[in-house]
Amino acid sequence: ARTLTTTDAGAYIRHTNASASTVTVAPQASQTWLANTEIHIRRAGAGNLTLTPGAGVTLNAPSGGTLTMTAAMSVTLKRVAEDTWDVIGQTVAA
């Protein structure tokens, strides 16, 4: 499990865990996210990766997708408003 912080802004995060794991987007109340922050994430391991919103955070999944990534999927998290992020890229179909 990992919680994103402002030090991850602009980063490329490559998850290589063999088991399922989660990435949580921390709320503005605990992290001072700048407007238009982007974080790039790739699932390189065998286990699923679930994107999880922190308290009060909204993650807008791609059309037809969920907040779960399987092996070789990539997304960009884009902050579009306070505590609101678009998930751009590949996720498992709903």
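Biologist: What makes you say that Ser21 is found in a strand?

Modeller: Ser21 belongs to strand β3. Helices (H or I, at least four residues) and strands (E, at least two) are DSSP runs, numbered from the N terminus. This is a predicted model: local features need pLDDT of at least 70, side-chain atom pairs count only at pLDDT 80 or more, and totals for chains, interfaces and linings use all residues. Residues are numbered from 1 along each chain as its sequence is written, and side-chain values use heavy atoms, with hydrogens and water left out.

Biologist: Why is Ser21 called buried?

Modeller: Its relative accessible area is 8%. Buried means under 20%, exposed over 50%, and partly exposed in between (1.4 Å probe, protein chains only). So Ser21 counts as buried.

Biologist: Which residues does Ser21 touch?

Modeller: Ser21 touches His15, Arg43, Asn48, Leu49 and Thr50, leaving out residues up to four places away in sequence. Contact means heavy atoms within 4.5 Å.

Biologist: Why is Gly89 called partly exposed?

Modeller: Gly89 is in strand β9. Its relative accessibility is 42%, so it counts as partly exposed. Gly89 is in contact with Pro62, Ser74 and Val75, neighbours within four places aside. The C-alpha atoms of Gly89 and Met73 are separated by 7.9 Å, though these residues are 16 apart along the chain.

Biologist: What is the phi of Ala72?

Modeller: Ala72 has a positive phi of about 75°, and it is not a glycine. Most residues other than glycine have a negative phi. Ala72 lies in the loop between β7 (68–69) and β8. With a relative accessible area of 42%, Ala72 is partly exposed.

Biologist: And Asp83: what is its phi, near which value?

Modeller: Near 60°, again positive in a residue other than glycine. Asp83 sits in the loop between β8 and β9.

Biologist: How do you know whether Asp83 is buried or exposed?

Modeller: Its relative accessibility is 15%, so Asp83 counts as buried.

Biologist: What makes up the largest nonpolar core?

Modeller: It has 17 residues. Leu4, Ile39, Ile41, Leu51, Leu77 and Trp85 have the most contacts inside it. Strands β3 (21–25), β4 (38–43), β5 (49–53), β8 (74–81) and β9 (84–89) each give two or more residues to this core. A nonpolar core is a set of buried Ala, Val, Leu, Ile, Met, Phe, Trp, Tyr and Cys residues joined through side-chain atoms within 4.5 Å. In soluble globular proteins, nonpolar side chains tend to be buried together.

Biologist: What does Ile41 touch?

Modeller: Ile41 touches Ile13, His15, Val23, Leu49, Leu51, Met69, Met73, Ser74, Val75 and Leu77, not counting residues up to four places away in sequence.

Biologist: How many helices and strands does the protein chain have?

Modeller: Zero helices and nine strands.

Biologist: What makes the chain as compact as a globular protein of that length?

Modeller: Its radius of gyration is 12 Å, close to the 12 Å that the globule rule gives for 94 residues, so it is as compact as a globular protein of that length. The radius is taken over C-alpha atoms; the rule is 2.2 Å times the number of residues to the power 0.38. Along the principal axes, the C-alpha atoms fill a box of roughly 35 × 25 × 20 Å.

Biologist: What share of the residues is buried?

Modeller: Buried residues make up 38% of the 94. Among contacts between residues at least 6 apart in sequence, 67% join residues at least 24 apart.
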